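The structure is shown first.

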Amino acid sequence: MFRFATMSAVLATAIFSTGCAMVAPQYTASLDNVQSLRDTGNFTAKVGAFTGSSDKAYANPISLRGSTLESPYSSSYASYLAEALRQELSMAKKLSADSSVEISGTVLKNDIDATGISLGWAEIEARFIMTRGGQVKYDQVKSVKHEFPSSFAGAVAIPKAVQEYPVAVQKLLSQLYADKAFIEALK
């Protein structure tokens, strides 16, 4: 009986101390973002290197109530942002590997908070750099704090937070495409 109780305690400790590892949903391009890129005129661009900050504000992986959320793109949220930009440029028919315009960046902040009783949020901040022929034409930081309904119950709050991450990325890129300085630098 003592062995059974000891084994049960060890097993329970192992299960509850490790949490659960999840993978974020793959990015799905925003049709509004794609249309914004199409409306900017005649240009092409390529996506350069995106890196993550070494600051602790750049959560990679993201912690969600004891679980971890990994990026599906090389386990890097910087790669996640690069893939999102690549998808939207491609769908807008603006992506070209031969373009002299290159967009690169650094993810400065990246986190999701699913601890709220009724409200959660995802926060992303990134520095975007655009070069043309090696000359910097645009260098700005964009940030978004996307709020969403949440729940006290982890079984509801965690999946909802996971689903909302791509929406936060879409909103961040929407801010970039709405920046007149970015659009002027593209032309």
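## Basis of the description

Two strands are taken to pair if DSSP finds at least two bridges between them. Helices (H or I, at least four residues) and strands (E, at least two) are DSSP runs, numbered from the N terminus. The model is predicted: local features need pLDDT of at least 70, side-chain atom pairs count only at pLDDT 80 or more, and totals for chains, interfaces and linings use all residues. Residues are numbered from 1 along each chain as its sequence is written, and side-chain values use heavy atoms, with hydrogens and water left out.

## The four-stranded sheet

An open sheet with mixed pairing is formed by four strands in the order S2-S5-S6-S7. S2 and S7 are its edge strands, and each has a single partner, so one side of each lacks a neighbour in the sheet. On average, neighbouring strands of this sheet are turned by 20° against each other, direction ignored; axes are lines fitted to C-alpha atoms, for helices over the stretch in contact, and angles run from 0 to 180 degrees between N-to-C directions.

Strand S2 (residues 46-52) runs parallel to S5 and is joined to it by five bridges, with valine 47 opposite isoleucine 103 in S5. S5 and S6 are antiparallel, paired over twelve bridges, and form a hairpin with five residues between them; valine 101 has arginine 132 in S6 as its bridge partner. Strand S6 (residues 119-132) in turn pairs with strand S7 (residues 135-149) in the antiparallel sense over 14 bridges. S6 and S7 form a hairpin with two residues between them, and glycine 133 in the turn has a positive phi of about 60°. Methionine 130 is bridged to tyrosine 138 in S7, while arginine 132 stands opposite glutamine 135 in S7.

Helix H3 packs on this sheet, touching S2, S5 and S6, and its direction makes about 160° with that of S2; contact means heavy atoms within 4.5 Å. H4 also packs on the sheet, where it touches S5, S6 and S7 and its direction makes about 145° with that of S7.

## The three-stranded sheet

Three strands form an open sheet of order S1-S4-S3, with mixed pairing. Strand S1 (21-23) and strand S3 (62-64) lie at the edges with a single partner strand each, so one side of each is left without a neighbour in the sheet. S3 and strand S4 (residues 67-70) pair in the antiparallel sense over three bridges, and isoleucine 62 stands opposite leucine 69 in S4. Helix H4 (residues 154-178) packs on this sheet, touching S1, S3 and S4, with its direction at about 150° to that of S3.
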